[in-house]
Amino acid sequence: MRIDKPTGSWLLFLPGTWGIAMASSPSLDLPLIVTFGVGAVLMRGAGCTINDLWDQNFDKRVERTKTRPLARGAISQLHALGFLGAQLTVGLGILSTLNNYRFVTLFFFFFFFFYLFFFFNLFYLFFFFFF
């Protein structure tokens, strides 16, 4: 999750916190900011995990990234996918607690996810079947 390098988490957290502060009543909604902060750290970790999954062969050749767990072979792709799934599931749980529009957001999230999954699988099958 690269918690030792918090720049990405701050880049997710600060604009959202600014928006929460601007939209809240005269008193600041601290539980909402804490929930948003946990979600920002978790989603940044999910982004790092998926980046490590996609770039593991490239990371083996770069000095700065040789020691990452996937690049050095400390964990398998299956374990990394399981960890990514856990991060995304907890992130979805945090998203569902944020406001009353969560059901609309969750509907569009699942619609978008399954649309992309279906589209890319069809593209992959078509490309490799015919070419």
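F13 is buried, its relative accessible area being 17% (buried means under 20% relative accessible area, exposed over 50%, and partly exposed in between, with a 1.4 Å probe and protein chains only). The model is predicted, so that local features need pLDDT of at least 70 and side-chain atom pairs count only at pLDDT 80 or more, while totals for chains, interfaces and linings use all residues. Residues are numbered from 1 along each chain as its sequence is written, and side-chain values use heavy atoms, with hydrogens and water left out.

F13 takes part in an edge-to-face aromatic pair with W10, with 5.8 Å from centre to centre and 65° between the planes. Rings of Phe, Tyr and Trp (its six-membered ring) are paired if their centres lie within 6.5 Å; planes under 30 degrees apart count as stacked, over 60 as edge-to-face and the rest as tilted. By this rule, the count is one aromatic pair. W10 and F13 are separated by about one helical turn, because they are three residues apart in helix α1. W10 is partly exposed, at 44% relative accessibility, whereas F13 is buried.

Helix α1 itself covers residues 7-23; helices (H or I, at least four residues) and strands (E, at least two) are DSSP runs, numbered from the N terminus. Its 17 residues reach 25 Å from the first C-alpha to the last, close to the 24 Å expected at 1.5 Å a residue, where the expected span is 1.5 Å times one less than the number of residues.

A salt bridge is a side-chain nitrogen of Lys or Arg within 4 Å of a carboxyl oxygen of Asp or Glu. D52 is buried, with a relative accessible area of 12%, and R68 also counts as buried, at 14%.

The whole structure contains three salt bridges. R68 forms another with D59, the closest N and O atoms being 3.7 Å apart, and both of these residues are buried. In the bridge between E63 and K66, the closest N and O atoms are 3.3 Å apart; E63 is exposed, at 62%, and K66 is partly exposed, at 38%. Through shared partners, salt bridges join D52, D59 and R68 into one network.
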